[in-house]
Amino acid sequence: MPSVSLAYIQSTVSYLESLGLNSDNFSLFIQQHNSLSDSSRIDMEVYVDLLNQGAALTENSLFGFELGKHIQAKDYGVLGYLVESCENLAQAINALTRFDALVADIGTTHVFFEPEDTRVEWIPKSPDCKQMVLRNTTAWIATVFKILGAACRLNAVTFTFPLTNLEKDMLKQWCNCEVIDSATANAIIFPKHLLQIPFTSENKAMFSALVKVSEEELTKCREDKRRSHYNPLIKGTSEDISHNVIALLKANPTLKDCNQRRVASALFISPRTLQRKLRQSGTSFQHILDTERKARLDNLLKRHSIADTADLLGFKEQSSFNHAFKKWFSTTPLKYQKQLGSKQ
């Protein structure tokens, strides 16, 4: 059944709350359909209804467009971080077409390479698709704008549904290209040369780790679908995901903001589910994080101040770092740093 990751729902709700809307208007609606506290996938119909409700509550016929402009890597889970770590747009599109179903199995993507242009078409799995297509298309464009900056110039964006002149003008101004409604396909058309412009955010270590995690998640999703086809009562296995958490932490150049909520989002599950699965594996997120912190410690202290080391290891305050350090090694960071210097 077509579905989206919990991150898609959470980001939509967060955006509505940021507009000052009372969360009671939509949170109860969602809870009536799904138990979000321990679920990582939400039915597409619930997602579509939420988008339509958002359009009604905000009285904005381009609600999906406004929502898409606020896209963040975490909203795509692992896929978002994977795209940002790619070498170029060609590699990013390949990642999107291969792994898109992990974050949102609500449409199919087709890429057409023409002599001068590249066309990315998206076919939604829901007939009630205006807000869903607007968000999907805008989020894709916003991500590329963020990575390529001024180098990104689109040729056209097309939609299968009709738009008013005011709606088209607003979309044209933001997309900075021609916008065509009532077209035969929902598509983004851009110059072919954009495919090879290097991403400034390229991270080969991150890319390799995330591809590995994404491949494993894709295999698991296919296996779960196969198993549930033969036995509807099977919801999936409680696999050991500690190695995925370790891979994500190791791939990050720093441990800033590598908290449990962000990692859970990257793995398409709720923080509560991540906590439960790690506990079943005989570990915890804090233990894995501290292990990675200690593995980086010597190298950082040799090249950085204690304050900078604490920051790079993801501590909000140096005092918290000092406290953790004393617990780990029964000494202070300063004494430990001096001992490292004497060994060189």
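The legends below concern a predicted model, in which local features need pLDDT of at least 70 and side-chain atom pairs count only at pLDDT 80 or more, while totals for chains, interfaces and linings use all residues. Residues are numbered from 1 along each chain as its sequence is written, and side-chain values use heavy atoms, with hydrogens and water left out.

**View 1. Helix 6 against helix 7.** Helix 6 (residues 89-103) and helix 7 (residues 130-148) have axes that come within 12 Å and cross at roughly 150°. The two helices are therefore roughly antiparallel to each other. On the side of helix 6 the contact is made by L89, I93 and L96, and on that of helix 7 by W140, V144 and L148; contact means heavy atoms within 4.5 Å. The crossing of helix 6 over helix 7 is right-handed, a term that applies if the near helix is turned clockwise from the far one by less than a right angle, with left-handed used if anticlockwise. Axes are lines fitted to C-alpha atoms, for helices over the stretch in contact, and angles run from 0 to 180 degrees between N-to-C directions. Helices (H or I, at least four residues) and strands (E, at least two) are DSSP runs, numbered from the N terminus.

**View 2. Helix 10 against helix 13.** An angle of about 35° separates the directions of helix 10 (residues 242-251) and helix 13 (residues 285-303), whose axes are 10 Å apart. This crossing of helix 10 and helix 13 is also right-handed. From helix 10, S242, V245, I246, L249 and K250 meet F285, I288, L289, E292 and R296 of helix 13.

**View 3. Strand 7 and its two partners.** All 6 of the 6 residues of strand 7 (residues 186-191) are buried, so the strand is largely enclosed by the rest of the structure. Buried denotes under 20% relative accessible area, exposed over 50%, and partly exposed the range in between (1.4 Å probe, protein chains only). Strand 4 (residues 117-124) pairs with strand 7 in the antiparallel sense over 6 bridges, and F190 of strand 7 is the bridge partner of T118. Strand 5 (residues 156-158) also runs antiparallel to strand 7, joined by 3 bridges, with V157 opposite I188. Two strands are said to pair if DSSP finds at least two bridges between them.

**View 4. The loop residue P162 and its surroundings.** P162 lies in the loop between strand 5 and helix 8 (165-175) and is exposed, with a relative accessible area of 57%. Although P162 and D181 are 19 residues apart in sequence, their C-alpha atoms are 5.2 Å apart in space. Residues up to four places away in sequence being left aside, P162 touches E167, D181 and S182.

View 5. N176 is found in the loop between helix 8 and strand 6 (178-180). Phi of N176 is near 60°, a positive value in a residue other than glycine. N176 is partly exposed, with a relative accessible area of 49%. S182, placed in the loop between strand 6 and strand 7, has a positive phi of about 50° although it is not a glycine.

Technical notes. Angles under 35 degrees count as roughly parallel, over 145 as roughly antiparallel, 65 to 115 as roughly perpendicular and the rest as oblique.
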